[in-house]
Amino acid sequence: MSMQLGGFLEDTSGEAGMATAEYAIGTVAATSFAGLLVWMMKQSWVKEGLVSIFKAIFKF
């Protein structure tokens, strides 16, 4: 529930810090996913698979 006081909204629901916690969880999840992608791209089987896919696509 919000109350309007002097043109500003005051949060009276007790969840004032939730947005910051949600951003922190989202940031951790995004960096974890990026780390997983970096690890995968360093694997030889991923590189070989991508090379074979692109060779098949661009074969003239």
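Reply: Start with Phe 58. Phe 58 has a relative accessible area of 52%. The cut-off for exposed is over 50%, so Phe 58 counts as exposed. In the chain, Phe 58 sits in the segment after H2. The model is a predicted one.

Now the ring partner. The structure holds 1 aromatic pair. Its members are Phe 54 and Phe 58, with ring centres 6.1 Å apart. Their planes lie at 5°. Planes under 30 degrees apart count as stacked, so this pair is stacked. Both numbers matter for the description: a pair of aromatic rings is described by the distance of the centres and the angle of the planes.

How accessible is Phe 54, exposed or partly exposed? Its relative accessibility is 46%. Exposed needs over 50% and buried needs under 20%, so Phe 54 is partly exposed. Phe 58, at 52%, is on the exposed side of that cut-off.

Next, the patch. Phe 54 and Phe 58 both belong to a nonpolar surface patch. Met 41, Leu 50, Ile 53 and Ile 57 complete the patch. Its area is about 590 Å². Which element gives the most to the patch? Helix H2, residues 44–57, does, with 4 residues. Phe 58 comes from the segment after that helix.

Then the setting. The protein has 60 residues, and buried ones make up 2% of them. The fold elements are 2 helices and 2 strands. From the N terminus on, they run β-β-α-α.

Last, confidence. Where is it highest, and where is it lowest? H2 has the highest confidence in the protein, at a mean pLDDT of 94. Strand E1, residues 2–5, has the lowest, at a mean of 53. Across the protein the average pLDDT is 83. A score of at least 70 is reached by 68% of the residues.

To put the part together: H2 is the main contributor to the patch, and H2 is also where confidence is highest.

Terms used. Residues numbered from 1 in each chain as written. Predicted model: local features only at pLDDT ≥ 70, side-chain atom pairs only at ≥ 80, totals over all residues. Heavy atoms only, no water. Patch = residues over 30% accessible without salt bridge, like charges linked within 9 Å, V, L, I, M, F, W, Y side chains within 5 Å. Areas by Shrake-Rupley, 256 points an atom, 1.4 Å probe, with all protein chains shown as cover. Salt bridge = Lys/Arg side-chain N within 4 Å of Asp/Glu carboxyl O. Buried < 20%, exposed > 50% of the residue type's maximum accessible area, 1.4 Å probe, protein only. pLDDT = per-residue confidence, 0-100. Phe/Tyr/Trp six-rings, centres within 6.5 Å; stacked < 30°, edge-to-face > 60°.
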